[in-house]
Amino acid sequence: MVILAQEANSSMSQRKQWLFDRWAPSYDFLLPSVFYQAIHRRLLEYVQFSDHPVVLDLGCGTGRLLNRLADHYPDLSGTGLDFSAEMLRQARRSNQHHPRLIFVQGNAEALPFADQQFTDVFNTISFLHYPDPGSVLAEVRRVLQPGGRFYLADFTWKGRDREPCRVNLPGNIQFYNAQAREELGKQAQLQCLGHHYLLGLVLLTIFSRN
């Protein structure tokens, strides 16, 4: 059964990669991209960097968030990671801050980076796609420096349920409430510093590596 589940996850990931590759050339002109850019602007209100931040953006897409961060922080260097080669092609074409910003292809569940390489990690509207969120958070902790922060912004829902909970949707999409995020973070030894609604049902959760 485990092997069948792994094969199903792999097949779903391949289909999603194909879809994002197809979207990439027009992605920055689509409504979702406009919505995400509005989220990025709100996200900046909660960012706290140390001097000379070294940033990783998981699921970077066409690189808009990293370019916006680099605009605001001249001493920032950043790496964007995505599984879509075409998204990365668009990100490299629109890279306004090379060589401070670079973009690489990879899997968030097995990051191709050294331990404690980054001061801060971002993940915006990508966490819902990960079939194994625990592995992603473990990798985030591994590449974060002590005291580093992980900014997780993704869809949630407003309800009375205070228990950790996730909503499973077609396409292996999963939404996590605040308590579920805290529980996942605790399992990965990440401390939750707080939650903030950015836009609609997009919730920002900030973690720290102690």
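**Figure 1. The largest nonpolar core.** Leu 43, Leu 69 and Phe 122 touch the most other members of the largest nonpolar core, which has 27 residues. The model is predicted: local features need pLDDT of at least 70 and side-chain atom pairs count only at pLDDT 80 or more, while totals for chains, interfaces and linings use all residues. Residues are numbered from 1 along each chain as its sequence is written, and side-chain values use heavy atoms, with hydrogens and water left out. A nonpolar core is a set of buried Ala, Val, Leu, Ile, Met, Phe, Trp, Tyr and Cys residues joined through side-chain atoms within 4.5 Å. Buried denotes under 20% relative accessible area, exposed over 50%, and partly exposed the range in between (1.4 Å probe, protein chains only). Two or more residues come from each of α2 (31–43), α3 (64–72), α4, β3, β5, β7 (173–176) and β9; α3 gives the most, with four residues. Helices (H or I, at least four residues) and strands (E, at least two) are DSSP runs, numbered from the N terminus.

**Figure 2. The surroundings of Phe 122.** Leaving aside neighbours within four places in sequence, Phe 122 is in contact (heavy atoms within 4.5 Å) with Leu 43, Val 47, Phe 49, Val 55, Leu 56, Asp 57, Leu 58, Leu 65, Leu 69, Phe 150 and Tyr 151.

**Figure 3. The seven-stranded sheet.** The strands form an open sheet of mixed pairing, in the order β3-β2-β1-β4-β5-β9-β8. Because β3 (101–105) and β8 (191–199) stand at the edges with a single partner strand each, one side of each is left without a neighbour in the sheet. From one strand to the next, the twist averages 15°. Two strands pair if DSSP finds at least two bridges between them; strand β1 (residues 54–58) and strand β2 (residues 77–82) run parallel and are joined by five bridges. Val 55 stands opposite Gly 78 in β2.

**Figure 4. Helix α5 against the sheet.** Helix α5 (residues 133–143) packs on the sheet, where it touches β1, β4 (118–124) and β5 (144–155), and its direction makes about 145° with that of β5. Axes are lines fitted to C-alpha atoms, for helices over the stretch in contact, and angles run from 0 to 180 degrees between N-to-C directions. The buried residues of α5 include Pro 133, Val 136, Leu 137, Glu 139, Val 140 and Val 143. They span an arc of only 160° around the axis, which places them on the same side of α5; the arc is that of the directions from the helix axis to the C-beta atoms.

Figure 5. In helix α4 (residues 85–93), Met 87, Leu 88, Gln 90 and Ala 91 are buried. Their arc around the axis is only 160°, so they lie on the same side of α4. A salt bridge is a side-chain nitrogen of Lys or Arg within 4 Å of a carboxyl oxygen of Asp or Glu. Arg 89 is partly exposed at 40% relative accessibility, and Glu 86 is partly exposed at 24%.

**Figure 6. Further salt bridges.** The count of salt bridges comes to four. Asp 115 forms one with Arg 142, the closest N and O atoms being 2.8 Å apart. This pair links distant parts of the chain, with Asp 115 in the loop between β3 and β4 and Arg 142 in helix α5, 27 residues apart. Asp 115 is exposed, with a relative accessible area of 53%, whereas Arg 142 is partly exposed at 22%. Salt bridges that share partners join Asp 115, Glu 139 and Arg 142 into one network. The side chains of Arg 42 and Glu 45 also meet in a salt bridge (2.6 Å, N to O); Arg 42 is partly exposed at 23% relative accessibility, and Glu 45 is exposed at 54%.

**Figure 7. Ser 208 in strand β9.** Ser 208 is found in strand β9 (residues 202–208) and, at 9% relative accessibility, counts as buried. Not counting residues up to four places away in sequence, Ser 208 touches Gly 147, Gly 148, Arg 149, Leu 190, Gln 191 and Leu 193.
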